[in-house]
Amino acid sequence: MSKTQEIKGKPTLSGILVDGTIFEQIHNPNWDCNEFVMKKPDGTIETAYRIKDNSNLDKFIPLNKEAISHGIVVLPDGAGISMDPTDLFSKISSFLRKYVDMDENGIGISASYVMMTYLYDKFEKVPYLRFFGLPGTGKSRALLVLRSICYHSMNLGASQTAANLYRSLSTIRTGTLFLDEANFLDTSRTNEFTKLLNDGYSRDGVVYRCDPKTLVSKPYRVFSPKVLANHIEFDDPALESRMLSIELKHTKRGDIPLSIPDLIWSKDAMELRNLLTRYRLDNYHSLDLNRKYSELTLFDHRTQEIILPLLQAQSIAKVPAYFLDYLHQAKMKRHERRIFDEDAIIAEILISLIAEGKSSIALSTVQSMAQEKAQIEIPYKRLGYQIRLFGANPTRVTKGYVYNLQSVDLTYLKNQYELQENID
């Protein structure tokens, strides 16, 4: 076969053929060689430099980008042996303990997240993993360790711009995005990074950006797992709710290596990437996406939504103790944080007014109560908008408007803001 023939085809990192064959690009760093490993419908594992889909004549070749040879996008160099999910989870957990000082809840959540990244494109929505803590607590180290074993890890460093994020996602198209020092000064709903992270949580997430040269709006698919490190919370409550946050503290362990410059190409990391790639090949078509967990009914809908992919990706029959412990602690922290959120403050005020038997209320009353309760002044326009979102319809009276509290969805408020204890 000539060189001209060899390079013909659609460059891609992974794919699934019509007959069910699933393939992944592998990269040998010693030879700077790229090819595919595939699992056919009959279960056989093969490698090839080019793949042809006989059903529609599509041809695929490996993505030969500089980012791959330089380790900016991390790939396996083969497919390992088939391994039971429990044994694979234990092997990942041991790897994490060796290099990062986290409590066992953090180890369990992180190991589960790694496994989920290899099957993320099976889910409608996926959460983000965020390492949180003061400077010097090992956040960047945690990102490096996870980047060495997550699915198609893409490192954008600590000086990323929104344009870089969109270009990287557009080029690679599939994988786990790593963002260090994600301390965006503006994390409100209108910020470019916030929009990308909010939309990238869902399979149908698309962000439109205008090409400055052509002035044509271009869609960018931004759905992918994302691992972040920062030391500030996001201003947007919706974005915060998409995070699985692991707090790191200054380590007292003396057995953790101070420097691990070649971790990505180390034998242990490569072995895990190969095993996880085989895990994807073996389980992609058989994953049970209808599995439910009764233990999760204790938590709100968003919590269930972000946890389910991690559980289903491991085919776990029962929610492990480390998950439940983490979720209970996260619920307590969320409740503490919500005393500073405008929508939560307004919700609690409405709930208390309804409990007192009030059927309608003026904006001035709610504004005064917010000032007294949380020492914040919420503008009338924003206050009215939020109250309408909660279902209170305005009625014009002689001196302005009052809002009908009888139309408020009380059950929604109680569940959404976990304020059941405030209602008798």
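The following conversation goes through a predicted model of one protein chain.

Colleague: How many helices and strands are there in the protein chain?

Modeller: The chain has 15 helices and 18 strands. The model is predicted.

Colleague: What share of the 424 residues is buried?

Modeller: Buried residues account for 50% of the 424.

Colleague: And among contacts between residues at least 6 apart in sequence, what percentage join residues at least 24 apart?

Modeller: The figure is 68% of those contacts.

Colleague: Let us turn to single residues. Where is His 152?

Modeller: His 152 lies in the loop between α5 (139-147) and β10.

Colleague: Is His 152 buried or exposed?

Modeller: His 152 counts as buried because its relative accessible area is 2%, and the cut-off for buried is under 20%.

Colleague: Which residues does His 152 touch, leaving aside those up to four places away in sequence?

Modeller: Its contacts include Leu 13, Ser 14, Val 73, Val 74, Leu 75 and Thr 174. Glu 24 is also among them, and the side chains of His 152 and Glu 24 are joined by a polar contact of 3.0 Å.

Colleague: What about Met 154, where is that?

Modeller: Met 154 belongs to strand β10, residues 153-155. Met 154 is buried, with a relative accessible area of 3%. Its C-alpha atom is separated by 6.9 Å from that of Gly 175, which is 21 residues apart from Met 154 along the chain. Gly 175 is also one of the residues that His 152 touches.

Colleague: Now the helices. How do α3 and α9 cross?

Modeller: The axes of α3 (residues 85-99) and α9 (residues 267-283) come within 11 Å and cross at roughly 155°. The two helices are therefore roughly antiparallel, since angles over 145 degrees count as such. Their crossing is left-handed.

Colleague: Which residues meet there?

Modeller: From α3, they include Leu 88, Ile 92 and Phe 95, and from α9, they include Leu 272, Leu 275 and Tyr 279. By class, this contact has nine nonpolar, no polar and four charged residues.

Colleague: How do the axes of α12 and α13 cross?

Modeller: The axes of α12 (residues 342-355) and α13 (residues 363-374) come within 10 Å and cross at roughly 115°. That makes α12 roughly perpendicular to α13. The crossing is right-handed.

Colleague: Which residues make the contact of α12 and α13?

Modeller: On the α12 side they are Ile 345, Glu 348, Ile 349, Ser 352 and Leu 353, and on the α13 side Val 366, Met 369, Ala 370, Lys 373 and Ala 374. They divide into seven nonpolar, one polar and two charged.

Conventions. Residues numbered from 1 in each chain as written. Predicted model: local features only at pLDDT ≥ 70, side-chain atom pairs only at ≥ 80, totals over all residues. Heavy atoms only, no water. Helix = DSSP H or I, 4+ residues; strand = E, 2+ residues; numbered from the N terminus. Buried < 20%, exposed > 50% of the residue type's maximum accessible area, 1.4 Å probe, protein only. Polar contact = N/O pair within 3.5 Å; in protein donor to acceptor, adjacent residues only side chain to side chain. Contact = heavy atoms within 4.5 Å. Axes fitted to C-alpha atoms, helices over the stretch in contact; angles between N-to-C directions. Parallel < 35°, antiparallel > 145°, perpendicular 65-115°, else oblique. Left-handed = near helix turned anticlockwise from the far one by under 90°. Nonpolar A, V, L, I, M, F, W, Y, C, P; charged D, E, K, R; others polar.
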